[in-house]
Amino acid sequence: MAIPIIDLSNLLNSLPTFEETTAIRKACLDFGFFYVVNHGISRDLQANVLGNLWKFFNLSAEKKSEVHRNDGFRGYFRKEEERSIEYNCTEWKEGIYYFRDFDNVPKERKEKVFCGLNPWPKAEYVPEFRAVIEEYFRKTQELASKLLSCIALSLGLKRDFFTKEFTDDPFAQLAMFHYPPHPASKDGHEIWGVGRHTDYGTLTILLQDDVGGLQVETKDGVWIEVPPVPGSFVVNLGDMMEIWTSGALRAGPHRAKVSPTEHRLSVAMFYDPGFDCVISPVPLDKTLIPVEKTMAKLPLDFPIRYGDYVLRKYCGILPEDKS
């Protein structure tokens with residue numbers, strides 16, 4: 001059993017073909033995960049992103065701490081500052097969180113913690129870092145919007161359904177992770193960079209290096225590897241997509257295992273609803289969602305206001321003395 005690879009050559013130039021739409025529909029129904037190739041983002045840009053991240057993570061602890069997230073969520077965090085809720089352990093990774101720049105949340109709202117500007121390392125440390133990361137962030141958001149249009153068409157909805165209803169002002173996040181090797185993982189111990197979880201929002205676009213470690217749980221409870229495919233992205237669906245489709249489109253559980261000998265980098269772009277978006281299942285009679293794929297009981301209570309949900313989830317991954 002393997003995650004499907006979908007060629008997006010036609011999607012970039014025109015409306016998606018029947019073959020592309022059918023392939024994405026099947027992948028979303030069966031796995032909630034798929035690879036995309038010929039997606040319009042160059043291998044050079046992918047390589048530049050990973051190269052600049054490697055330079056950043058190799059800076060001294062003091063220099064990295066200059067952009068520490070402190071009391072918010074934007075910026076750098078150290079190893080074991082985050083925890084896996086399901087596995088009840090700290091996670092073996094360091095990383096940086098960046099978000100779309102916005103400051104339109106009233107100060108009395110709890111989501112205000114996400115507002116502000118992203119803290120960038122000094123240009124003298126990593127000269128191209130900001131320009132490369134900002135270009136990548138913009139282009140992956142554009143790709144996510146195109147993929148959502150294709151998913152909407154595959155469900156019998158208007159092409160702009162998700163854009164108009166839920167992501168006209170998206171909450172977009174870039175999570176850039178470094179998983180250092182851990183020698184204990186070669187002795188049969190499971191050291192997790194990220195424990196089992198589902199993503200919170202709509203759609204995620206993941207860039208991974210050539211080390212590997214991503215695993216996806218199938219509907220049968222079997223864990224399968226998602227090995228690196230050169231030039232590709234891994235795309236997966238989040239919790240809100242599962243709710244919108246009454247469980248037909250799956251938010252696939254996944255995790256990242258740490259290598260005993262090799263450093264690993266990954267970059268996830270989360271493309272999510274706006275804070276005020278309220279999520280409930282779409283009426284099935286207005287879609288092509290297969291009723292036999294839906295769930296009688298969804299894993300989350302609805303309606304869900306996304307700002308409340310995502311803030312709770314972010315606070316949940318912090319150590320107990322920080323949340």
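**Figure 1. Asp308 and its salt-bridge partner Arg305 in the predicted model.** Asp308 is partly exposed, with a relative accessibility of 42%. Its partner in a salt bridge is Arg305, and the closest N and O atoms of the two are 2.9 Å apart. Arg305 also counts as partly exposed, at 21% relative accessibility. Both residues belong to a network of salt bridges that links Arg109, Glu111, Asp276, Arg305 and Asp308.

**Figure 2. A salt bridge between Arg138 and Glu142.** The closest N and O atoms of this pair lie 3.5 Å apart. Arg138 and Glu142 are about one helical turn from each other because they are four residues apart in helix H4. Arg138 is partly exposed, at 43% relative accessible area, and Glu142 is partly exposed at 42%.

**Figure 3. A salt bridge between Glu91 and Lys93.** The N to O distance between these side chains is 2.5 Å. Glu91 and Lys93 are both buried.

**Figure 4. Packing of helix H1 (residues 18–30) with helix H4 (residues 129–154).** The axes are 9 Å apart and meet at an angle of about 85 degrees, so H1 is roughly perpendicular to H4. H1 contributes Glu20, Thr21, Ile24, Arg25 and Cys28 to the contact, and H4 contributes Leu147, Cys150, Ile151, Leu153 and Ser154. By class, six of the contact residues are nonpolar, two are polar and two are charged.

**Figure 5. An open sheet of four strands in the order E8-E13-E10-E11.** The pairing is antiparallel. Strands E8 (192–197) and E11 (223–225) form the edges, each pairing on one side only. Three bridges join E10 (residues 214–217) to E13 (residues 254–257). Gln215 stands opposite Arg255 in E13.

How values were computed
Residues are numbered from 1 along each chain as its sequence is written. This is a predicted model: local features need pLDDT of at least 70, side-chain atom pairs count only at pLDDT 80 or more; totals for chains, interfaces and linings use all residues. Side-chain values use heavy atoms; hydrogens and water are left out. Two strands pair if DSSP finds at least two bridges between them. Helices (H or I, at least four residues) and strands (E, at least two) are DSSP runs, numbered from the N terminus. Axes are lines fitted to C-alpha atoms, for helices over the stretch in contact, and angles run from 0 to 180 degrees between N-to-C directions. Angles under 35 degrees count as roughly parallel, over 145 as roughly antiparallel, 65 to 115 as roughly perpendicular and the rest as oblique. Contact means heavy atoms within 4.5 Å. Ala, Val, Leu, Ile, Met, Phe, Trp, Tyr, Cys and Pro count as nonpolar, Asp, Glu, Lys and Arg as charged, and the others, Gly among them, as polar. A salt bridge is a side-chain nitrogen of Lys or Arg within 4 Å of a carboxyl oxygen of Asp or Glu. Buried means under 20% relative accessible area, exposed over 50%, partly exposed in between (1.4 Å probe, protein chains only).
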